[in-house]
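Here is a short report on how one protein chain packs. Look at the sequence and structure first.

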Amino acid sequence: MDAQAAEVPGVERHEFSAVGRDARHDDLSALGRSLDELAALNASWQPLARLTPAQFNAYRAALGEGSGFQSAMYRRLEFLLGERSASMLVPHAGTPDMHAELRQALGEPSLYDEVLRLLHRRGHAIPQAVLDRDLARRYEGDLVVEQVWADIYAAPEREPDLVRLGEALTDVAEAVWRWRGDHLMATRRAMGAKVGTGGSSGVAWLAKRAEALVFPELWTARSRV
């Protein structure tokens with residue numbers, strides 16, 4: 001399972017990078033492919049989902065100080081989805097080449113940044129402050145962007161391709177949420193509230209992460225339609 005977990009985020013990174021590049025040319029036809037890789041990524045939790053504490057303890061020592069924090073491929077995937085901060089680089093300081101690659105990625109537009117720029121090119125009133133924001137920080141929802149999505153959804157006949165885009169992004173966001181939820185429940189079931197591998201707070205940290213949704217306005221805008 002370790003090989004699969006390392007491989008799938010790499011494939012996902014490639015897919016989302018390609019989608020981001022296509023978005024600069026107003027083409028998001030490949031976005032749906034990413035859902036297949038996310039489904040494979042989420043399925044990697046199934047072998048761990050019903051481990052008893054004793055079964056987990058039987059091999060936990062072999063992990064040493066290893067932690068998901070150290071997965072550079074998954075970190076790169078999170079950056080592409082807009083989940084980012086400079087503190088996320090710290091676990092990779094010991095691998096200079098990967099640290100440099102992630103530092104560069106931290107300052108590049110996420111998939112959602114590219115989508116917002118596409119909406120701006122299509123004439124929607126995306127605030128300049130959003131377009132010019134600090135890309136190294138996690139994207140936070142904006143009320144004007146929320147209204148843009150609400151308007152798109154309220155009149156689907158005007159720009160059906162943007163409605164399809166919004167739904168494809170929502171599918172991606174839901175798959176990310178399911179990954180985090182499955183991670184949380186597998187960890188809670190196998191080790192309860194113990195300190196996480198690598199020194200994290202374990203379940204408490206995962207629970208906080210599971211509450212966050214990527215592409216936030218696609219969720220909040222639905223209350224305005």
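This is a predicted model: local features need pLDDT of at least 70, side-chain atom pairs count only at pLDDT 80 or more; totals for chains, interfaces and linings use all residues.

Residues are numbered from 1 along each chain as its sequence is written, and side-chain values use heavy atoms, leaving out hydrogens and water.

**Cores.** A nonpolar core is a set of buried Ala, Val, Leu, Ile, Met, Phe, Trp, Tyr and Cys residues joined through side-chain atoms within 4.5 Å. Buried means under 20% relative accessible area, exposed over 50% (1.4 Å probe, protein chains only). The largest core has 46 residues; Tyr112, Leu116, Leu119, Trp149, Leu169 and Phe215 touch the most other members. Helices are DSSP runs (H or I, at least four residues), numbered from the N terminus.

The largest share, 13 residues, comes from α9. Another core, of seven residues, lies apart; Ala72 and Phe79 are among them.

**Helix α10.** In α10 (residues 203-211), Val203, Leu206, Arg209 and Ala210 are buried. They fall within an arc of 125° seen down the axis (directions from the helix axis to the C-beta atoms), so they line one face of the helix. The face turned away carries exposed Ala204, Lys208 and Glu211.

**Glu114.** Glu114 sits in helix α6. Glu114 counts as buried because its relative accessibility is 3%. A polar contact (N or O atoms within 3.5 Å, one able to donate a hydrogen and the other to accept it; residues adjacent in sequence count only if both atoms are side-chain atoms) of 2.7 Å joins the side chains of Glu114 and Arg24.

Conventions:
Helices (H or I, at least four residues) and strands (E, at least two) are DSSP runs, numbered from the N terminus.
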